[in-house]
Amino acid sequence: MSNPDSDPSAVDPEDFHAFVASRGTHLYRTACLLTSGDTPLAEDLVQETLSRMYARWGRRGRIENPSGYAQTVLVNAFISARRKSSTERAGVEALAGQVAVPRADLTLRVTLLDALRQLSAQDRAVLVLRYWEDRSVEDTAAALKLSPSAVRSRSMRALARVRGQLGADFVEFAES
Amino acid sequence: MSLHEESHSFAADLHDTALTFDAPNTEVLYSHAVTGGRRIKRRWAAQGALGALAAVAVAGSLAFSLAPGTRTHLAKPAATASVHRTVTYDGPVSGEYMLENFKALLPTDVKIDPPHGGATLTGVSYAIYGTNSGWSAEAYTTATVNGQRVGVSLSVDRPNYVSTCALGVPRGGSCTTTSLGGGATLVEYEWPVDMASQFEFYRNLPGGVDVHLTVRGDRAGNHPALTMSQILALVTAPVWDKALADLPAAIDCPSGIQPQNGGLGLYWVCTGDGRLFPNAGATNIATNL
């Protein structure tokens, strides 16, 4: 059996390190939104994503858009390996005391993440890809293996649910 | 407000929220990615070597044997050629068991965070963690130790690989192995981090199971927030023997075919013989024990 680590040309560690340095924070923030602020789970998802990226890095000629590919891997890992909501809730609540952020930002974060947590994993992924990643409907559909019409309908429905969850807060955030 | 305006403001709120999260240090992300990526490549290599045998097995019979401590719960013939046989488990340790013992074993100088309107301890028993682990029962908390903010997690695992120093160490990191007697070893990884620290301890036991402790701190340094005697007390506590004994058996698919993760993370399945392994009644709890 060949040793996959024996060929030094198979992986360019410097390039991969640069990729992690440039994209790691963005991936982590995407994971935090997907998991509604469950930072341990977000870290797990990012680690799994980057592990898969590293394993394929020597073949990166086959990856036309590494950043987009990583986001897709991350979202699919989230959908297929997510933990239950009770863990997510504890993660969000623990967050309130973990990171020093301005009170207004903290309020927005807790409120918005709580609303996201009420959504299904796929609806959450649709909103995160569309409105945080700024992906097109078609790109989102491709990443999630949905039809574009399904993405549109899920997006509208999810936004409506967020609006319902936030109520007046949504208007306040929207107008601020 | 129009739908367009509403969407635009929602996007702005998402951005504001996302930017409040600070990512782990690049070196931590990189070192874990290298370690995990190498494991994946080894798995690919193993699968490639067994590919021909696997193809024969897939085309072969559905004969299989159950692992010790398991029983066939459901055999549901399908209209197609795909037949799944669900395997269930007796007596899985609960998330409550993990949390209660985890909390009881934490040293007195570990001050668990006060609740912020919710729970401060979380536990998952026998959940599936992505593609890198077989079975795990876990307990986790955030706390303060001598003024340092820490995250401490302990899991009892039957991984599909054993974590040893041979898996490689990232640049600037270190790994040491200590014999604990009785065939057990303690593997300690130190991850290089500029602004924080992360230490992992694996008490590897015969039979391919382990007790895994992770200690993350918000201060850089060469020593974990817990002392070595505290760490040893945590990973060698007899209470984990019950959890270790209750871990579901390794999934042994025919001819070395790797089990596939499926059902939105709810089960493993052997594509070779159709056995489907649910997550053993995984419980996820959060508590202020």
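**A tour of chains A and B**

Begin with chain A of this predicted model and colour by pLDDT, the predictor's confidence in each residue, from 0 to 100: confidence in chain A is lowest in helix α4 (residues 85–95), at a mean of 36, and highest in helix α6 (residues 121–132), at 89. Helices (H or I, at least four residues) and strands (E, at least two) are DSSP runs, numbered from the N terminus.

Next select residues 1–10 of chain A, where the pLDDT is below 50 and where the model has ten contacts beyond near neighbours in sequence; two residues are in contact if their C-beta atoms, placed from the backbone, lie within 7 Å. Over the whole of chain A the mean pLDDT is 71, and 66% of the residues reach 70 or more.

Residues are numbered from 1 along each chain as its sequence is written, while chains are lettered from A and ligands numbered from 1 in the order in which they are written. Local features need pLDDT of at least 70, side-chain atom pairs count only at pLDDT 80 or more, and totals for chains, interfaces and linings use all residues.

Now move to chain B, which holds five helices and 14 strands, and in which 41% of the 289 residues are buried (20 or more other C-beta atoms within 10 Å of the residue's own, C-beta atoms being placed from the backbone).

Finally, select helix α5 (residues 239–246) of chain B, whose buried residues are Trp240(B), Ala243(B) and Asp246(B). Seen down the axis of α5(B), these buried residues fall within an arc of 120° (taken from the directions from the helix axis to the C-beta atoms), so they line one face of the helix.

Methods: A residue is buried if 20 or more other C-beta atoms lie within 10 Å of its own, exposed if 12 or fewer, and partly exposed in between; C-beta atoms are placed from the backbone.
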